[in-house]
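Okay, thanks for coming, everyone. Let me put the chain up on the screen, and then I'll walk you through a few spots in it.

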Amino acid sequence: QVQLVESGGGLVQAGGSLRLSCAASGRTFSTYTMAWFRQAPGKEREFVATINWSDSSTYYADSVKGRFTVSRDNAKNTVYLQMNSLKPEDTAVYYCAADRVMSFNAYKYQYWGQGTQVTVSS
């Protein structure tokens, strides 16, 4: 069982930065692939970034590549999403997710946090 708690969301102007954190419970955090997804009002949940448990390889959605960076600290059971050069279209609820297997599909992830709101004003 893994419990996830996100933090770090808020209101920021376009061009600004935010860092999201996702704290995980459980002794086996280091063996889970972690991912970030987001969901804007009226839209489906979409993949943002993921970091593999075995070699910390990372993958990003094209829409955030070069602007967002995902990282993890296994000693702190925490995954981060550094978001730079934010745009109004990045506005959404951001969720972290965990599973044993890496995927870009939200339905493949077993564990989810409650989400944190990110709002980017123009």
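So, Leu81: skipping neighbours within four places in sequence, Leu81 is in contact with Leu18, Arg19, Leu20, Trp36, Val48, Ala49, Phe68, Thr69, Val70 and Tyr94, where contact means heavy atoms within 4.5 Å. Before I go on, this is a predicted model, where local features need pLDDT of at least 70 and side-chain atom pairs count only at pLDDT 80 or more, while totals for chains, interfaces and linings use all residues. Residues are numbered from 1 along each chain as its sequence is written, and side-chain values use heavy atoms, with hydrogens and water left out.

Leu81 also shows up in the largest nonpolar core, which has 37 residues; Leu4, Met34, Trp36, Leu81, Met83 and Tyr94 touch the most other members. By nonpolar core I mean buried Ala, Val, Leu, Ile, Met, Phe, Trp, Tyr and Cys residues joined through side-chain atoms within 4.5 Å. Buried is under 20% relative accessible area, exposed is over 50%, and partly exposed is in between, with a 1.4 Å probe and protein chains only. At least two core residues each come from β3 (18-24), β4 (33-39), β5 (46-51), β7 (68-73), β8 (78-83), β9 (92-99) and β11 (116-121). The top contributor is β9, with 5 residues. Strands here are DSSP runs of E, at least two residues, numbered from the N terminus.

Now the sheet. Four strands make an open sheet in the order β1-β3-β8-β7, with antiparallel pairing; two strands pair if DSSP finds at least two bridges between them. At the edges sit β1 (4-7) and β7, each pairing on one side only. On average, neighbouring strands are turned by 15° against each other, ignoring direction, using axes fitted to C-alpha atoms, with angles from 0 to 180 degrees between N-to-C directions.

Next, which cysteines form a disulfide? Cys22 and Cys96 do, with their sulfur atoms 1.9 Å apart; the cut-off for a disulfide is cysteine sulfurs within 2.5 Å. The S-S torsion is about 50°, so this disulfide is right-handed. It ties together distant parts of the chain, with Cys22 in β3 and Cys96 in β9, 74 residues apart. Both Cys22 and Cys96 are buried.

Two more stops. Glu46 is in strand β5 and counts as partly exposed because its relative accessibility is 36%. Its side chain makes a polar contact with the side chain of Arg38 at 2.6 Å. A polar contact is a pair of N or O atoms within 3.5 Å; within protein, one must be able to donate a hydrogen and the other to accept it, and residues adjacent in sequence count only if both atoms are side-chain atoms.

Not counting residues up to four places away, Ser103 touches Phe47, Lys108 and Tyr109.
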